[in-house]
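Subject: Structure for you to look at

Hello,

Here is the structure we spoke about, with its sequence. Please open it first and then read the notes below.

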Amino acid sequence: SGSLDPANRIDTGDLVFSWSATLAIRQWDRGPAALNQHLFKVMPKTGVNARFLHHLIEFHIEELAGQSHGSTMRHIKRGDLADFPVLIPIEPEQARIAEVLDTLDEAIRCSESLLRKQEQAREGLIQSLFSPGSTPSRDMRKTRLGHLPVDWDVVPLRDCVRPDTIITYGIVQAGPHIPDGVPYIRTGDMSGGELSVEGLLRTAPRIDQAYARSKVRAGEIVCAIRATVGKVLPVPLSLDGANLTQGTARIAPAQSINPTFLLWALRSHRVQHEMSLAVKGTTFAEITLEALREIPIPRPRDRAEQDMIAATLDGIDQEIRSEQVQLEKLLALKSGLSSDLLTGRIRTRPQ
């Protein structure tokens with residue numbers, strides 16, 4: 001052990017700036033420590049509020065990044081930060097600005113924490129609802145997907161789709177973007193938690209008609225069969241009649257199965273594990289349509305149990321979406337207030 005070098009020592013409350021790769025400013029809160037070569041301490045001058053300085057640097061991070069040096073490892077020099085021009089109000093106003101932005105930061109942290117807890121609760125529910133052997137009163141049997149109730153079947157995914165459809169991918173060559181054409185869904189459009197018509201590329205109607213088999217309807221399921229293999233999202237009403245590409249597949253649930261239950265069954269840990277076993281390739285991961293059609297699906301024979309599982313998971317998913325919207329509002333408010341308060345566009349009255 002031994003004492004820390006005073007030149008590199010930081011303590012709780014100190015501002016630490018990461019000057020290479022990703023620029024960032026943080027307030028240290030873990031007690032005495034030593035800085036490494038990619039960090040330096042920011043010391044506010046007399047008359048400068050430390051919390052205000054933290055928000056000020058955070059607000060200007062993107063501008064500072066624009067002045068960075070290097071090609072393989074972007075960085076800024078200590079002098080670049082020290083010489084960066086900023087507006088500094090009187091200290092009482094600094095304190096008031098810091099108080100406002102700190103309050104927003106705390107609200108954002110609380111929202112993020114709640115969101116994480118909700119997501120963890122959802123994962124736990126998926127695990128328990130698709131592993132119902134935890135209910136002692138149920139008779140169980142061993143299946144490919146582990147122990148399941150005797151009144152649950154394990155069927156290939158192809159048996160869960162409408163008999164007039166097949167699980168298939170979409171357009172091979174969509175051609176140039178046609179502004180008023182038919183939207184189509186790529187794997188890159190599935191990066192978020194839901195599908196949206198905004199930002200989708202569009203193909204010519206004649207190409208869309210040639211791939212009528214892969215036109216999706218509201219309530220159906222789109223599955224990524226390349227890159228993020230196994231990710232599934234429901235088709236919203238706004239994308240009714242849209243098409244797919246070669247990297248995505250259409251799953252049209254049969255009337256005998258609750259579509260939302262099938263969506264969550266596909267997201268369950270055991271089914272996702274089966275998908276991972278069927279993936280081919282390392283640098284370019286994909287699953288064939290033949291393999292996808294044979295993926296085993298756990299299915300209660302009782303439709304009421306399917307409905308219950310679907311409603312339970314959809315309920316917590318809606319709570320998560322609501323909290324995500326709240327978090328986005330808070331982040332937008334923080335961005336707007338930071339811009340107004342830290343540029344002097346809006347002045348505050350010190351308390």
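Helices (H or I, at least four residues) and strands (E, at least two) are DSSP runs, numbered from the N terminus. By that rule, I185 is found in strand β10, which covers residues 182–185.

Before going on, two remarks on how the values were made. This is a predicted model, in which local features need pLDDT of at least 70 and side-chain atom pairs count only at pLDDT 80 or more, while totals for chains, interfaces and linings use all residues. Residues are numbered from 1 along each chain as its sequence is written, and side-chain values use heavy atoms, with hydrogens and water left out.

The whole chain

The chain has nine helices and 16 strands. Its radius of gyration, taken over C-alpha atoms, is 27 Å, whereas a compact globule of 351 residues would have one near 20 Å (the globule rule is 2.2 Å times the number of residues to the power 0.38). Along the principal axes, the C-alpha atoms fill a box of roughly 75 × 55 × 40 Å.

Of the 351 residues, 41% count as buried. Buried means under 20% relative accessible area, exposed means over 50%, and partly exposed lies in between (1.4 Å probe, protein chains only). The chain exposes about 18,900 Å², and carbon and sulfur atoms supply 53% of that area; the areas come from the Shrake-Rupley method with a 1.4 Å probe.

Contact means heavy atoms within 4.5 Å. Among contacts between residues at least 6 apart in sequence, 70% join residues at least 24 apart.

Two single residues

Is I185 buried or exposed? At 0% relative accessibility, I185 counts as buried.

The C-alpha atoms of I185 and F52, which are 133 residues apart along the chain, are separated by 45 Å.

S338 sits in helix α9 (residues 303–342). At 6% relative accessibility, S338 counts as buried. Apart from neighbours within four places in sequence, S338 is in contact with F59, L101 and T343.

Aromatic pairs

A pair of aromatic rings is described by the distance of the centres and the angle of the planes. Rings of Phe, Tyr and Trp (its six-membered ring) pair if their centres lie within 6.5 Å; planes under 30 degrees apart count as stacked, over 60 as edge-to-face and the rest as tilted. How many aromatic pairs does the structure hold? The structure holds four.

One of them is F17 with F40, a stacked pair at 5.3 Å centre to centre with 25° between the planes. F17 lies in strand β2 (residues 15–18) and F40 in strand β5 (residues 39–42), so the pair ties together parts that are 23 residues apart in sequence. F17 counts as buried at 0% relative accessibility, and F40 counts as buried at 6%.

W152 and F261 form an edge-to-face pair, with 6.5 Å centre to centre and 75° between the planes. This pair links distant parts of the chain, with W152 in strand β8 (residues 152–156) and F261 in helix α6 (residues 259–267), 109 residues apart. W152 is buried, with a relative accessible area of 0%, and F261 also counts as buried at 0% relative accessibility. Ring pairs link F130, W152 and F261 into a cluster.

Regards
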